[in-house]
Amino acid sequence: MKLRNKEKDVIALLNKAQRENKHNYITEDKLKLTAQEAGLSYSEVYGVATFYSLFSLKPRGEYVIQVCDSGPCHLMGSKSIFKVLEKELKIKVGETTADGRFTLEEVSCLGICNEAPAMMINEKVCGNLTPQKIREILRELRKKK
Amino acid sequence: MNTVNLTINGKLVQAEKGSTIMEVALANGIKIPHLCYEKGLSIAGSCRLCMVKIKGRPGMEAACTTEVVEKMKVITSDEEIDEARKLIVELILSEHKHDCLVCESNGQCELQDLAYELGIEKIRFPVSKSIEPTEDSSQVILKDPNKCILCGRCVRACAEITVQRVLDFAARGSGTFLISGLDQPLVDTDCVSCGACIQTCPTGALTEKLARFQGRSWEFRKVQTICPYCGVGCQIELNIKNDKIVKVYGVEEGPDNKGHLCVKGRFGFDYVHHKDRLTTPLIKHNGKFEEASWDGALNLVATKFKELKDKYGSDALAGLSSAKCTNEENYLFQKFIRICFGTNNVDHCARLCHASTVAGLSRAFGSGAMTNSIWEFEKADVILVTGSNTTETHPVIGNYFKHLAAYNGTKLIVVDPRAIELTEYAEIWLRQKSGTDVAWINGLMNVIINEGLYNKEFVENRTENFDEFRKVVSKYTPGKVEKITGIPEEKLIAAARMYGKADRGSIVFAMGITQHTTGTDNVLSLANLAMLCGNVGREGTGVNPLRGQNNVQGACDLGALPDVYPGYQKVSKAQVRENFETTWGVKLPPKEGLTVVEIIDAASKGEIKGLYIMGENPMLSDPNLNHVREGLENLDFLVVQDIFLTETAELADVVLPGVSFAEKEGTFTNTCRRIQLLHKAIPPIGKSREDWKIIMEISKRMGYPMAYHSPGEIMDEIASLTPIYGGVHFDRLGGQGLQWPCPSREHPGTPYLHKDKFTRGKGLFTPVDYIPPAELPDEEYPFLLSTGRVLYHFHTGSLSRRSKPLDGIAPEGFLEISPQDAKKLRIKNNDWVRVSSRRGKLKVKVKITHHVDKGVVFMTFHFAESAANLLTSDALDPVAKIPEYKVSAVKIERI
Ligand code: SF4
Ligand code: SF4
Ligand code: SF4
Ligand code: FES
């Protein structure tokens, strides 16, 4: 029925759809399904999905690395964090590695300014970053299958 | 206290509590600049242009979101406010494609006007917008994203008026943009091309695609008139340049449409200028039409009819009037037939749609029309819609229903064999087997009586024959009803409780109820149901047949029927007849005439020799077309008066070119009995003539001169002879029109019928038993065929199929079939199949859909290429003589 306005559910539904996808994005089919489940129209779901930076409608890497570039992190050197990541992964912000494992994105505040600079990998937040620490994290992730 | 006193710019004004500063200002003629606000839509409060100062409050507040309070002092403009507004407009302009030179909205653009009013000579910011391509996938809408100012009005119009929710904003911040669907081209979305978004868009971001470069706002002559398509009777404003209609807007003051239109009303007008328009009379010589002079054609028509009358008698002649023509024309037509032909053999296509309504409701209540008004639906708690695919057939009303269900908490009960759009908005959907309506309605009433939910007081005081009726209803237990109708017991009970408990319940129906051999029984049953629950004679209640054609209500009211004169006055009553004889100055035949299907029958038997058809197309609209052709071909003389050479006109001996709605004056009566004025917008095309003038010419030549100078004069005569139209005169019809009964000049008209007393005195309960349809599927013809319409076409398509956008959107007919049956027959979507019945066969494309149940197929009847009525059965309702279009048996073969 087209009456129920379950807008609250829609974010949870989209999140689930994205998490279940190997490439960390919401497929068109899932958007349509979400619309049906949430009692929203296609345009309404599309509006929500593109409003939050959390969601992507394009395929992304297995690991989405989101580096904070808000004030505190910026001051604490997020620029160099980007540099290290770009060099290590051989991609630019917004891109995905050729093997489909990593995507690098820029976001605003992750809510752990006391541990700036910080980034988030999928849903895990990592703070007090140094180039050394980043390389270690990447090594760990690369080991995982 | 419900009023509030405040001052706006020092002026003392009074306002209703709860209204906003914007509303109060507008009501008092004080202009506050705004872009995102529009009357009739929800409030967004996003553009901030309407900022005003309120004494005692810091800063500025948005007038569109701030409620007025007692003693409020509002300033709507000063240097600081204007400066702030300028800044906003400049920011908008910095992201705008400055294209006014060739913009369709030039001269009626709210952004342009604001820039001018605020005196913005130069923009302080760099104009920095990358140019995006325009989107023109829709047949009717052109979207230019570069002119979108993100006011959101179209988003809200689409969601709140049409309730399609096609449009929204994507992304955020400065990257925000307008999308349709999943950022798809409009044509791939659920857009129904209603154009509400265009009408509300303040800029040139959304415009009429076909009006491009056809004229600018200041060049248009504007004429208000009535939509020529359906019975909703939407008021429209034609925008005309060089006698050509370029654009149409919905009239906001229109009492029933409030500015809203559907795709046909807004975009389907171009048939008026179609190259196929008949521009001169035609006479058939040796099977071929040749152009003729008016005199030649009219003389021939009059001579031939006179000859046939002399030779075979009056009853060998007949006339079919038109629900597309005006009230005045229908009045003249039946007058002409009754006087010059000397017979009551006059009928029109109402026979095919709501004859059973008129018969049923007249019997139960005393008046055969919609009891309540369109605007009253918002007062109902429960609306029971049955046999009406409202969103396609009466779209503006259908959209009200969606709106009420989605935003107003109104509960919809839909009873329909097909899954229609409204079933998605229904609290309860009962899917009955076609043709079992009496059974489920009796079942509902059985539950309502057993559970004591009926209105005893109403039944006692206002109705009669309850006990007889009750006896019959008591047999229809939910269990028994489930067996007949297929509606599960619990669902029937739930629906009965929902309708039974409602304070105001409204019943809405259309062809799904009427087009059965039990059509009159079905209508009587609905009338029983309404009376049982006391749902008659109050606002927001009633039994509401939605009439199909723009003026089918009027054609009935004005006596284009074989048994009644104007105002449903019985031909068979001597006193009534005498009254007409005195006024018209002739003797009138006392015998009731033949109905549409009977006329065709009589023609094929050679009993009817001459037929005059005005604006009807039985060669597509009537059941069992092969039989219709036989009948028409068997005539000695056939005259067809129309604006196109229709399938019927092709069979004529003489064709007379009438005019379209845009070329004439007169009135139409809409489905809720509202008589509205039509204004002549352009001169007749070619040598075509107004239909009322043509009738006068033939009448004169047959020895009965008529001397009306205008339709207004005809209406004065109608008023003198027709009590329900007694107070209707053209000078009273501006704006809101009048709803009949309107017995005298002083009478304000009647929004709802049967208040305190039924037209016939007491409401009459009629015991009705279930009778199965005349023809049911069997081994040879295993499918049940039902017929109906689509949104984009009207009736036999003689108008809508000649509209470029309408035919562009829906160019062909189809057969709906369930996935299960399609699988069994091994057919795929868009495959061609042969469909045949005992009466005829045709080829049509297949559309596989869950909308129809197993064993049932559905076809539209608009398309001559796949004319559904070749198949339909001409079995008639014994009382109303309406054919059973909704049930016939067919077989389907792959080809
Ligand atoms: S035309 Fe009607 S349905 Fe289509 S987008 Fe505009 S408002 Fe929505
Ligand atoms: S298209 Fe028009 S109505 Fe819609 S948001 Fe843009 S400017 Fe406003
Ligand atoms: S077809 Fe009916 S609903 Fe559509 S605009 Fe015309 S009168 Fe209104
Ligand atoms: S009109 Fe009030 S905020 Fe737009």
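User: What makes strand S11 of chain B a partner of S12(B), and how do they run?

Analyst: This is a predicted model. Two strands pair if there are at least two bridges between them. Six bridges join S11 (residues 235-241) to S12(B), so they count as paired, and they run antiparallel. One of the links is B:Asn239, whose bridge partner in S12(B) is B:Lys247.

User: Why are S10 and S12 of chain B said to stand at the edges?

Analyst: The open sheet has the order S10-S11-S12, with antiparallel pairing. S10 (221-226) and S12 (244-250) each have a single partner strand, so one side of each has no neighbour in the sheet. On average, neighbouring strands here are turned by 30° against each other, direction ignored.

User: Why are B:Cys353 and B:Cys50 called buried?

Analyst: The cut-off for buried is under 20% relative accessible area. B:Cys353 has 8%, so it counts as buried. B:Cys50 has 2%, so that residue counts as buried too.

User: How confident is the predictor in chain B?

Analyst: The mean pLDDT of chain B is 93, and 100% of its residues reach 70 or more. For the model, ipTM is 0.84 and pTM is 0.92.

Key
Residues are numbered from 1 along each chain as its sequence is written. Chains are lettered from A and ligands numbered from 1 in the order in which they are written. This is a predicted model: local features need pLDDT of at least 70, side-chain atom pairs count only at pLDDT 80 or more; totals for chains, interfaces and linings use all residues. Side-chain values use heavy atoms; hydrogens and water are left out. pLDDT is the predictor's confidence in each residue, from 0 to 100. Helices (H or I, at least four residues) and strands (E, at least two) are DSSP runs, numbered from the N terminus. Axes are lines fitted to C-alpha atoms, for helices over the stretch in contact, and angles run from 0 to 180 degrees between N-to-C directions. Buried means under 20% relative accessible area, exposed over 50%, partly exposed in between (1.4 Å probe, protein chains only).
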